[in-house]
Structures are given as C-alpha cells and as structure tokens.
Amino acid sequence: MKILIVDDNEQYRKLLSAIFVDRGWEAIDAPEGNKGMELLREHIPDVILSDIMMPRMDGFQFLRALRTSAFGDIIFIFYTSTYTKASHRDFALSLGADAYIAKPLDPEDIVQALMDILDRKELRPKRRELPSEEEFLRLHSLFLSEKLMEKTEELRKESVEHRRAEDELMQLREKERQRPGGYGLRPGTVGQGGTEMTPQTILSVEIDDQVYTPLSKIETICESLARGGFPDSEGVRLVEKICLSMHKLRNLVTELERNFLLPRSAVLAPIRRIQIMIDVLKKDYADFGASMGSSLIEMEGQLRQFAAFVEDLLKLGNVAKQTLKNETVNVTGLAVDILAKLRQSAPHRRSEFSVQPGMTVTGDALLLRMALEQLLENSWNFTAERDEARIAVGCKAETGSKPEFYIRDNGIGFPNDKAKQIFNAFAKAHEPPRTLGNGIGLTLAKAAIRRHGGDIRGHGEPGRGAAFYFMV
C-alpha cells in the first residue's frame, strides 16, 4: 500500500513515513497541498493522510482540488489538532473526506486509526455532491476568520495585561514616593557617592545568580523540543510561545530585582500562562514517547522552583513597600512565641531555649516579628543534627547607644568568610541536604532590619554554632 503524507511539519512526516515503511507500506510526503497535487502526477497513492493547517494550500483546499480532479477517488483521511469542532468535521466530510481524526497524540495511534478506517467496507467511494464554489469559499473563509480572531483575541489579552501591569507599576512608584514612611525617592535618585538610590540599594540586598538557573534550564528544554520534539506544527508553536513567555518573565524578574516595586500580578501572570501551556502539551502529547514526557515533567519542576524564588522576591518587595509604624515592641514576647511554635512543629526534638526577659524596642511590630522568625527558624533548622538544640536570645545595652540584640545557637555553624554572603538572596552557606528552603530567610531578616535604619551581622564557626547580632 502506498500512502501520501501531507503535513507542514517535516519531522512528523519523516516519523510517520518510517513507521509506515516498517509495516511494509510505501510512503511519500509533501509539505502542503500544492506539492501534494504535483506528486500525484508521478505517484498515485492508495491513501492520502493530510493535516489541515498548512501554508499556501491548506488541507480543505487540497481536498477540494483533489475531489474535482482526475484523482478524485483516492481515499482521503484528515488528522488535525487545530480544527477540532464538530462544524470543522462536518465541513471536511462534505468535501469528500473519508475519515477525520482529531487531536492525534502518537504516530502509532494514527497508524492504528488508519488501519481501522481501511478495514471498514463502507469506506469505498460513495461520493456525495460537493458544496458549490460559493459555499466552499464562505465556510472556508469563516473557519480561517475564526482562527484569526482567536489569535487576535489572544494577543489583545496579552496587550491589555501588559498595559495594566505597566499602569499599576507607575501608580505604585508614585504612591511609594509620596506616602509617609516610604522611601520618598523617585527612581533614578542619586545618593552619596553617585549611587542610584532604589529600594534594593537602600535594603542592601544582593541577588545570587543562581535564581536564574531554572529559567535557563527551561529555555534549554524549549529549544530542544522546538527542534523536532513534536508531531505537528501546533505543538511547536506552543513551545515557541513558552520560549517567548520565558523571555518576558526573565525581564520582569530583572525589573523586580532592580526596584522591588513591580506588581505581584505582573510577575505571576506569565508563570501561570507558562503552566497552562505545559498542561496543554502534557494532555495533547502525553503518549508521544517517554522522552517528551520526561522533558515536560522536568520543565514543570523547574517552573515550580522558579515560582518559589519569585514568591520570595515578592516577599522582599513587601518589606520594601510596607509603611513603617513606630511602636513599642515586646521582643521577649515575640521570641518566646516563635520558639514555642518551632518546638510544637517538631515535638520529638530535644531543645533548650533561653530568652532574656524585658527586651523591648521601638519599631514596626510586623517587620520585627518577621526578622525574628527568619533568624530563629534558621537556628532551629541548623541545630537539627544536634542531640539537643540550644538557642539563646538576648541583648546588650551600653549607656548612650542602641541595644544590640543577638541570637546564638549550637548548630553546624558556617565558615566565617561567608558571613556577608549568607545575607544575599538565595545564597547558601551549605550544600544540600543540609540546606533547607531557597536561602531567602536571612535576606528577609536583613531587609526588615535595614528598613528601620539598622544593620545585622553574623559570626560562625563550622561545627561550633552561629550567632547573629542586630540593632534597629
């Protein structure tokens, strides 16, 4: 049996051809309808297997040209992942299609469907009268317009979303400049030494380069899939959209890193869009080989990891944007409450906590609680290997100076040459499995303390614990 495959996806044509040849069939192929009609002058196939969405002459036009030619009795079968409505199928059958396979998942499925169709006795030609030229053009134009409108609406929504995000960003910047307790600085304001004063420089937060590692891995997977991982052009287009969204996401995170004022919705929208597209690929191409499945799973895992990084960056943004409230804060009470909750989270662990009584400070209660939570959780996590965790919270107060608070533990410690690096966002003093989380906790603590005009420092020694000192 000889089969003509007409599809604009070269990789899919080659794959189907190889499968057909393995079964003892002869396969020829063409990239679109015009080339298919030219091949018919040299090769008369038993069956034509054709996609619909193709350049120059699409599947509908190709079928009509075939049925009105000298080759009108050849068995013609459509397969498509684009035209999947009942109206599309009815139109195809009215043009003389013998069968219509929607959303092919795996080439082997196509082969099985083809064999099932050819086994049907009623398949042999009982041709109906074809639609008039006027009716064909009307319906063909209608379906093309539908696809164009779908694409236009998709682009319109992206444009509206982009404009909304830009407007929200400008409003937040203006609000940040004017509100009491804010930075009162316009983007581009220059401070001492010619340094641009942004929320990032005020908080002295540095972002470790590893934040972009998941993005780079996703982009590599996208490029690999786009080079021939999909059976049809629709899958390739979807991967190309993911690549484009990844590029936009990288730019957004760079902007977020620069000033922390980017709206949450603007950053999370492309992440949601990418996840939706991955879900579509997993559903429509779930059976197209183990390699593709593992690639999509890997892409999804990297996206989740990067989304966690973005959520943590947004937490930093909240610290930068939050209005400070000066009030008397019971530091002792906060520490006791946080440590009690940590002990409840792991009742099997032995622990000894020491909290100096009577500690108070003037500042923002929410931000100071967050700083203490991050510091105490850090000590709790890195004392997990000890038979008994010992954590002490206290303060030193010298006459005429601000009190200096401290948190000490008997954990695994860290090399003292990393004392500054550990406050960078996503930087870690230890390799997994000793490291927990994304490495943002100490960065958040530092940001909260810097918002009060204070500072924090750390001291560590491998195997002999760590201590953190801060003033607000």
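**Close-up views of helix H13**

**View 1. Helix H13 at the second largest cavity.** With three residues, helix H13 (residues 365-381) gives the most to the lining of the second largest cavity in this predicted model. Helices here are DSSP runs of H or I with at least four residues, numbered from the N terminus. Residues are numbered from 1 along each chain as its sequence is written. As the model is predicted, local features need pLDDT of at least 70 and side-chain atom pairs count only at pLDDT 80 or more, while totals for chains, interfaces and linings use all residues; side-chain values use heavy atoms, without hydrogens and water.

**View 2. Inside the cavity.** Searching the whole structure turns up two cavities of 30 Å³ or more; a cavity is a set of points on a 1 Å grid over the protein atoms alone where a 1.4 Å probe fits but cannot get out, and lining residues have an atom within 4 Å of a point. Look for Val331, Val361, Leu368, Ala371, Leu372, Phe405 and Phe470 along its lining. That makes seven nonpolar residues, with no polar and no charged ones.

**View 3. H13 meets H14.** The axes of H13 and helix H14 (residues 441-451) come within 8 Å and cross at roughly 150°, so H13 is roughly antiparallel to H14 (angles over 145 degrees). On the H13 side, the contact (heavy atoms within 4.5 Å) includes Leu367, Met370 and Ala371; among its H14 partners are Leu444, Ala448 and Arg451. By class, this contact has nine nonpolar, three polar and one charged residues.

Note on methods: On a 1 Å grid over the protein atoms alone, a cavity is a set of points where a 1.4 Å probe fits but cannot get out, and a pocket is an open set with protein on both sides within 12 Å along at least five of seven lines; lining residues have an atom within 4 Å of a point. Grid points are joined across faces, edges and corners, and a volume is the space filled by probe spheres set on the points. Helices (H or I, at least four residues) and strands (E, at least two) are DSSP runs, numbered from the N terminus. Ala, Val, Leu, Ile, Met, Phe, Trp, Tyr, Cys and Pro count as nonpolar, Asp, Glu, Lys and Arg as charged, and the others, Gly among them, as polar. Axes are lines fitted to C-alpha atoms, for helices over the stretch in contact, and angles run from 0 to 180 degrees between N-to-C directions. Angles under 35 degrees count as roughly parallel, over 145 as roughly antiparallel, 65 to 115 as roughly perpendicular and the rest as oblique.
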